[in-house]
Each structure stands twice: as C-alpha cells, then as structure tokens.
Amino acid sequence: MNLKQLSHMLSLSQTTVSRALNGYPEVNEETRRRVVDAAKRHGYRPNPSARRLATGKSGMIGYVLPTGAAVDIDPHFVEFLSGLGDYARAHELDLVLSPADADDEETTYRRIVANRQVDAVYISSPRPADKRLALVNTLGIPFVVHGRSEGFDFDYPYLDIDNEGAFHEAARLLVQLGHQRLALINGNERETFAIHRERGMRRALAASGLTLGERHIRSVAMTEENGYRAARRLLEDAEPPTAIVCSSLIMALGVVRAVRDLGLTIPGDLSLIAHDDVFPWLRPENFPVPLSTTRSSIRLAGARIAERLAARISGLEDGARGEVWPVDLVVRGSVAGAPV
C-alpha cells in the first residue's frame, strides 16, 4: 500500500496522513491514532526518500562517538544504546554513529549538522562546562543531554538521575550503622555524574562531623580490574575503610575479589554498596553476598532519551526542560554495623 491508497482509504489528504505518521503537533491525537493504526494493519511503510522530501526530516538520531586508543566502549554505554535502539526501532527512527577523534569532536558535530545528516543528536557523559554542549546549543539542531553539565549561563534539555542524592543516602545509611571510615571508588572524576556522587557522600559525612579523606577516594574507569586494584590499595592502607561505596556493579565484582584475596569477609570486615544500572546479565542479588545498591535502569534512560528526541524532532517538545529521576536504595546482605 502506498501513501495515496492509504489516504484514499481513510478519506484524508496525503499531507494529513504524512504529517500524522511523522508526529506533527497540528494533527489531533484521534486522527493520528487512526492513521497509525491503519498503517500498521495494512503494512504501510513510508519511503525514506519520499518522507525526507515531504517533511525535510531524515528520520535519524545522531551520536558523535569518540574514538582512539584511549577510548573504551564500556557495557554502560552499550546498555544505554540498547534502550535507545529499542524505542527508535519501534518508532521507525534510525541511529547514526559518527566516529570522531576524541580530541576534536567539534568538527564532526559541525559536519553532521551542516550536511543535515540527522534530525537530532544526544550528548552523553557530560563534563562541567562541556564544550560539546555549548557548541550544539548554537547549531540550531534539536538535542538532549544524558546527564548534566555545570557552569553555563543558559538552560538546556537533559535527562539525569539523582546521583548526588543516591550516594548521599548510601553514605548516610552506612554512618547510621556506625561506620566512620568510608571510601568511594568512583568513575571518571572529570565527569559530572562522578562529581555529584562524591558531593553526595561528602554531604552525608559532613552532617555527622565526618570527612571523606583523599586517601579514601579512587577515581578510575569502571572495569572489574580497576575495582580490584582500587579496593586492594584501600584495604591494605594503614587505616582501611570499614565501608566502600562503589560507582558500578562491574567495579564491585573487583572489590569482592579483592576482599576474598585478602582473607576478609563482606559484611563482617567490609560493608559494600554499589550503583546498579540494572544489567540483565549482572544481578546484585546473585553476588556471593547479595549486594546493597543504588538502583536506576540505564536502559530505560536510553529509551527515554530517544522518546524525548523524537518529540523534539516533531515539535511536541521544546524549551530546555531538565528531567531528574530519583534513585532507589535497595538494602541487601552486604551491609552491617561497623566492626568493633
């Protein structure tokens, strides 16, 4: 079935049908639903080239992918991408990855916008005063940031989780259990999420007259091996922590291995809380001791970013709305009172 046939069957103009299928806000919801349902029933698929000519839209979401020897594609990114892809596939959107030198992403952003390759872009892993965000804000293309930046005099659309609040609550629980020497194994200290997590822990400790000493902070790429090495250094210190808060379940695997190699136990010698991005293949309840976590699905965040990008492309969302998701604290067997 082509567009003309579908329009005739619905007694609507081809323009109305096209706009309904592409989410234009001037088409009322009842008509849009009627058109979409008919298109699904009769197997109508818009011709991509024709759609681009008719709407000026490519039907593509863009992401500038930094590359180079120093760049790792970690499981957190892949899980986020899976959620984004799930939504995009279900709504006939495509995702375009544009590789760029990690030290010169600006050139790639300017190129894809100038060539009208995509309808919108998203930015991930932002840093304070992130140059990518400042640039895209001037290029006139719809965008959403996964995470937050700081230090700008303008607002921008973003989706983030309450990293500061999550790690504040984790640290507060440990302090209530009598722990006074807490440590943080964090992600990249230059990224805002890690800054917010450290800030949350410091705030919780300060409320009880405690501090997070520099010797008890490790900021590393979120891998199992880095978690192991960081935990070994912390636990072999002259004044080892009695509790660790960790920024990733993947790093927590390394912490558990270090505890075992040192002949210690969880939670007898060390209480442990980690952030859980809800990986389907790594569940905190399946750790040797079920792991307490701060929990928020990164896959659902990916789907929400895609949903908001689609809305911005179609004009259903505009402005610079920020969205912050609360984070659950799930207490399991890996925490206990501080050892005497």
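Visitor: Is Y122 buried or exposed?
Guide: In this predicted model, Y122 counts as buried, because its relative accessibility is 0%.

Visitor: And which ring does Y122 pair with?
Guide: Y122 forms an aromatic pair with F80, and the pair is tilted, with 5.4 Å centre to centre and 50° between the planes. The two residues are 42 apart and link distant parts of the chain, F80 lying in helix α5 (residues 75-90) and Y122 in strand β3 (residues 120-124). F80 counts as buried too, at 2% relative accessibility.

Visitor: What cluster do the ring pairs make there?
Guide: Ring pairs link Y63, F77, F80 and Y122 into a cluster.

Visitor: How many aromatic pairs turn up in the whole structure?
Guide: The search finds eight aromatic pairs, and one of them is formed by Y156 and Y158, which is tilted, at 5.5 Å centre to centre and 50° between the planes. Y156 counts as buried at 7% relative accessibility, and Y158 counts as buried at 16%.

Visitor: Back to β3, what sheet is that strand in?
Guide: Strand β3 belongs to an open sheet of six strands, ordered β2-β1-β3-β4-β5-β11, in which the pairing is parallel. The edge strands are β2 and β11 (322-325), each of which pairs on one side only, and the twist from one strand to the next averages 20°.

Visitor: Where does α5 lie?
Guide: Helix α5 lies across β1 (60-67), β2, β3 and β4, and runs at about 155° to β3.

Visitor: What about D101, where is that residue?
Guide: D101 lies in strand β2 (residues 94-101) and is partly exposed, with a relative accessible area of 47%. D101 and V64 are 37 residues apart in sequence, while their C-alpha atoms are 9.6 Å apart in space.

Visitor: New topic: what is the order of the sheet with mixed pairing?
Guide: That open sheet has six strands in the order β7-β6-β8-β9-β10-β12. Because β7 (217-219) and β12 (328-330) stand at the edges with a single partner strand each, one side of each is left without a neighbour in the sheet. Neighbouring strands of this sheet are turned by 15° against each other on average, direction ignored.

Visitor: How do β6 and β7 run, parallel or antiparallel?
Guide: Strand β6 (residues 182-186) and β7 run parallel and are joined by three bridges, and the partner of L184 in β7 is I217.

Visitor: Which helix packs on that sheet?
Guide: Helix α11 (residues 249-261) packs on the sheet and touches β6, β8 (243-246), β9 (271-276) and β10 (292-295), with its direction making about 155° with that of β9.

Visitor: What does the largest nonpolar core look like, and which residues have the most contacts inside it?
Guide: The largest nonpolar core has 29 residues, and those with the most contacts inside it are I185, I244, C246, V255 and L272. The elements that give two or more residues to this core are β6, α9 (192-206), α10 (224-235), β8, α11 and β9, and its largest share, eight residues, comes from α11.

Visitor: What does C246 touch?
Guide: Leaving out residues up to four places away in sequence, C246 touches F167, I185, M251, A252, V255, L272, I273, A274 and H275.

Visitor: Last one: which ring does the charged end of R257 sit over?
Guide: The charged end of R257 sits over the ring of Y228, 3.8 Å from the ring's centre.

How values were computed. Residues are numbered from 1 along each chain as its sequence is written. This is a predicted model: local features need pLDDT of at least 70, side-chain atom pairs count only at pLDDT 80 or more; totals for chains, interfaces and linings use all residues. Side-chain values use heavy atoms; hydrogens and water are left out. Two strands pair if DSSP finds at least two bridges between them. Helices (H or I, at least four residues) and strands (E, at least two) are DSSP runs, numbered from the N terminus. Axes are lines fitted to C-alpha atoms, for helices over the stretch in contact, and angles run from 0 to 180 degrees between N-to-C directions. Contact means heavy atoms within 4.5 Å. A nonpolar core is a set of buried Ala, Val, Leu, Ile, Met, Phe, Trp, Tyr and Cys residues joined through side-chain atoms within 4.5 Å. Buried means under 20% relative accessible area, exposed over 50%, partly exposed in between (1.4 Å probe, protein chains only). Rings of Phe, Tyr and Trp (its six-membered ring) pair if their centres lie within 6.5 Å; planes under 30 degrees apart count as stacked, over 60 as edge-to-face and the rest as tilted. A charge sits over a ring if NZ of Lys or CZ of Arg is within 6 Å of the ring centre and within 35 degrees of the ring normal.
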